[in-house]
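Subject: Structure handover and findings

Hello,

Here is the structure you are taking over. My notes on it follow below.

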Amino acid sequence: MNQIKVSVIIPIYNTEEYLAKCLESVLKQSLKEIEIICINDCSKDESEKIINRYKEQDERIIYKINEKNMGLSYSRNIGIQCAKGEYIFFLDSDDYIKKNTLYELYNYSKKMEMDILYFGYYDIQINGLCIKKDRESIYPNIMGGKEFFCDSIEKNNAYVMSWSAFYNRNFIVKNEISFENDMIFEDNIFYFQTLMKAKRVSSLEKCYYYYKRRNNSIISSNENLQKKLMSECRMINILYKYIEQEQDERLVIDIDKLIENESVCLIDFYKNIDYFDMSEVDRNIKDYIILSIVKGKIYNGYFKYKLPRDVLEKIKNYDNVVIYGAGKIGQGLYELLLERNIKVSCFSETKNTGNKKIKDILIKPIDEINRNSLILIAISKKRSSELINYANELEFKYILDVSLYA
């Protein structure tokens, strides 16, 4: 084979339905001086058979198998280590590219001696709708990476996906840039760290890449919420380190904007987790501080461990749910239950309330509540026994002390 111009890195995990189309889109490229590095991350489907079938047909395919499932970052890093091409192109195994993609991106990048060249893509929705995502072209103009980062943040035009760019391999290797292992949203940090090092960056408006959304993808899986949460903490910590070292005021402001965006995601993930125990956070003290700030902003600072799944399921079984305690703990509980689509009939207090309302929910005296209601004790742990005893005196059948989790 002639000198390799482009190394195409394809991590693979359980994508048998899409893999053939992905590989064919690369094998049919008009640029022939390429290598296709396929890293199988212990797929449990027929992916290996598909790879071997195409490998028999084309010697440009290099096949690597991880000893155990290591994740997307690890697989991409293996690809970088193996790569021999002048440039690197990342391709996910459920996506595909246009026929002249590598030829055109190589020629643009080679001519202008690019470190990174960004381009547009097609976003194929779950329902099949294809949305064009073209970015502003600055080619043939060239920016430094930090300037490009600031420009993309300020224009809300940041394409963080690693596959939305074409990378000079020497630039990646010389700066020892790699993907963060054991992390979801590894693309976000890779995007940031490459731009902090790059000297020559440009972008094309043209779309080359077809990105296919899937219901069962790694990112959309609810099982990974806690890992997403910790990944966001790790990302924010990395970004803060840059702020501590950086002297450029514009860059500091724009990194802070990125941290704000990531913080919104962090809070959303925390809200969607069924049960999260802060005592399990043992990475480092900074993660604990970040999560403490997050949990202090919602549920009035209470329920930092949320409510266990079995407790939530139990509450869902009742048609009439009453929060006994209309203070900050009770209001925090109401916010939590509302997120889980659990309807609260009313708040309740021991003394006559005079038909007051909180959050448009009536506060009723406890002795006026239907005795078949589920009574949720929402008060400080020191006073919870007092409310439990009174509810028992009133002969309520169903009492649950959620102050244990506040």
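A disulfide, as the word is used here, is a pair of cysteine sulfur atoms within 2.5 Å. Please keep in mind throughout that this is a predicted model.

Cysteines

By that definition, the structure holds 0 disulfides. Take Cys-233: the closest cysteine sulfur belongs to Cys-265 and lies 12 Å away, so the two are too far apart for a bond. Is Cys-233 buried or exposed? Cys-233 is buried, because its relative accessible area is 0%. Cys-150 is buried as well, at 3%.

The chain as a whole

The chain has 406 residues, and 52% of them count as buried. It contains 13 helices and 15 strands. Among contacts with a separation of 6 or more, 77% are between residues 24 or more positions apart.

In soluble globular proteins, nonpolar side chains tend to be buried together. In this model, the largest nonpolar core has 129 residues. Helix 8 gives the most to this core, with 9 residues. Which residues have the most contacts inside the core? They are Phe-89, Phe-149, Ile-315, Leu-337 and Leu-376. Another core, of 5 residues, lies apart from the largest one, and its members include Tyr-96, Ile-124, Cys-207 and Tyr-210.

Second largest pocket

The second largest pocket holds about 220 Å³ of space. Its lining is made up of 13 residues, and Ile-236, Tyr-240, Ser-263, Ile-290 and Ile-293 lie nearest the centre. Helix 8 (225-245), helix 9 (249-272) and helix 10 (285-297) are the elements that give two or more residues to this lining. Helix 10 has the largest share, with 6 residues. By type, the lining of this pocket divides into 9 nonpolar, 2 polar and 2 charged residues.

Cavity

How many cavities of 30 Å³ or more does a search of the whole structure find? The search finds 1. The largest cavity has a volume of about 70 Å³. Its lining consists of Arg-135, Glu-136, Ile-138, Phe-148, Asp-151, Ser-152, Lys-155, Asn-157 and Ser-203. Helix 5 (residues 145-154) provides the largest share of that lining, 3 residues. The lining of the cavity divides into 2 nonpolar, 3 polar and 4 charged residues.

Glu-24

One residue remains to be noted. Glu-24 is found in helix 1, which covers residues 16-27. With a relative accessible area of 30%, Glu-24 is partly exposed. Glu-24 and Leu-72 are 48 residues apart in sequence, and their C-alpha atoms are 21 Å apart in space.

Regards

Notes. Residues are numbered from 1 along each chain as its sequence is written. This is a predicted model: local features need pLDDT of at least 70, side-chain atom pairs count only at pLDDT 80 or more; totals for chains, interfaces and linings use all residues. Side-chain values use heavy atoms; hydrogens and water are left out. Helices (H or I, at least four residues) and strands (E, at least two) are DSSP runs, numbered from the N terminus. Buried means under 20% relative accessible area, exposed over 50%, partly exposed in between (1.4 Å probe, protein chains only). On a 1 Å grid over the protein atoms alone, a cavity is a set of points where a 1.4 Å probe fits but cannot get out, and a pocket is an open set with protein on both sides within 12 Å along at least five of seven lines; lining residues have an atom within 4 Å of a point. Grid points are joined across faces, edges and corners, and a volume is the space filled by probe spheres set on the points. Ala, Val, Leu, Ile, Met, Phe, Trp, Tyr, Cys and Pro count as nonpolar, Asp, Glu, Lys and Arg as charged, and the others, Gly among them, as polar. A nonpolar core is a set of buried Ala, Val, Leu, Ile, Met, Phe, Trp, Tyr and Cys residues joined through side-chain atoms within 4.5 Å. Contact means heavy atoms within 4.5 Å.
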